[in-house]
Amino acid sequence: MEVTKAGLNSPFNSTVETGLRALIVLEALHPRKCSLDELTWFDYLVVHTSDMEGPESLHPDFEASVGEMLVRRRLVEQSIALLRKLHLVVADYHDGLNYLPGDEAPAIIDLLTSPYNQNLKARADWVSKTFRNFNHAEVEEIFADRIGRWTAEFRTNEHATSASL
């Protein structure tokens, strides 16, 4: 993973910001494990909670596009790689590739005390209460039903990209 000067100048949706969101979501869902797909969906949902009748969204609402989801997935993937290098996230290969927060995750999350981060933690708790007891297939079905267009397009593009490799 390469850190660029442009990435250092813009913390919004950077690998670090996305990684902190992923870490907060993983900790809120613990002990439930999350796949990369689920983390991508939850990364969207934790800032757009009102899309599923949750609390007021932290970020402005807009119609998600395939391009936005592909960028989000890459950012989540890069952020998880960074968090794994820092031993804040661990990979679990028992039932496919899934992720869990590392032992130091709660201490790092406790340091995030700004009003925005407190609101983000509250949204992550809502995501956890809403999705904790659903398996991957059920989460995918919920997202397909509720935010179906971009989920379906995201999966179609993902398979097309994989097939061309």
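**Entry 1: Arg73 and its partner.** I began with Arg73, whose relative accessibility is 19%, so this residue counts as buried, the limit being under 20%. I noted that the model is predicted. I then looked up the partner of Arg73 and found a salt bridge with Asp37, in which the closest N and O atoms are 2.4 Å apart. Asp37 belongs to helix H3 and Arg73 to helix H4 (residues 66–85), so this pair ties together parts that lie 36 residues apart in sequence. I also checked Asp37, which is buried at a relative accessible area of 10%.

**Entry 2: other salt bridges.** I asked how many salt bridges the count comes to. The count is six. As a reminder to myself, side chains of opposite charge can pair when their charged atoms come close.

I next examined Lys33, whose side chain meets that of Asp92 in a salt bridge (3.2 Å, N to O). Lys33 sits in the loop between H2 and H3, while Asp92 is in strand S1 (residues 89–92), so the pair ties together parts 59 residues apart in sequence. I recorded Lys33 as partly exposed, at 27% relative accessibility.

I then turned to Arg21 and Glu17, whose side chains form a salt bridge of 3.3 Å, N to O. Both residues lie in helix H2, four residues apart, which is about one turn of the helix. Arg21 and Glu17 are both buried.

**Entry 3: H2 against H3.** I looked up how helix H2 (residues 15–29) lies against helix H3 (residues 36–47): their axes come within 10 Å and cross at roughly 95°. That angle makes H2 roughly perpendicular to H3. On the H2 side I listed Thr18, Arg21, Ala22, Val25, Leu26 and Leu29, which meet Leu39, Phe42, Asp43, Val46 and Val47 of H3. I sorted the residues of this contact into eight nonpolar, one polar and two charged.

**Entry 4: H3 against H6.** I then followed H3 to helix H6 (residues 115–131), where the two pack at an angle of about 125° with their axes 9 Å apart. H3 and H6 are therefore oblique to each other. I noted the crossing of H3 past H6 as right-handed. H3 contributes Phe42, Leu45, Val46 and Val47 to the contact, and H6 contributes Tyr116, Leu120, Arg123, Ala124, Trp126, Val127 and Phe131. By class, I recorded ten nonpolar residues, no polar residues and one charged residue in the contact of H3 with H6.

Terms used
Residues are numbered from 1 along each chain as its sequence is written. This is a predicted model: local features need pLDDT of at least 70, side-chain atom pairs count only at pLDDT 80 or more; totals for chains, interfaces and linings use all residues. Side-chain values use heavy atoms; hydrogens and water are left out. Axes are lines fitted to C-alpha atoms, for helices over the stretch in contact, and angles run from 0 to 180 degrees between N-to-C directions. Angles under 35 degrees count as roughly parallel, over 145 as roughly antiparallel, 65 to 115 as roughly perpendicular and the rest as oblique. Contact means heavy atoms within 4.5 Å. Ala, Val, Leu, Ile, Met, Phe, Trp, Tyr, Cys and Pro count as nonpolar, Asp, Glu, Lys and Arg as charged, and the others, Gly among them, as polar. A crossing is left-handed if the near helix is turned anticlockwise from the far one by less than a right angle, and right-handed if clockwise. A salt bridge is a side-chain nitrogen of Lys or Arg within 4 Å of a carboxyl oxygen of Asp or Glu. Buried means under 20% relative accessible area, exposed over 50%, partly exposed in between (1.4 Å probe, protein chains only).
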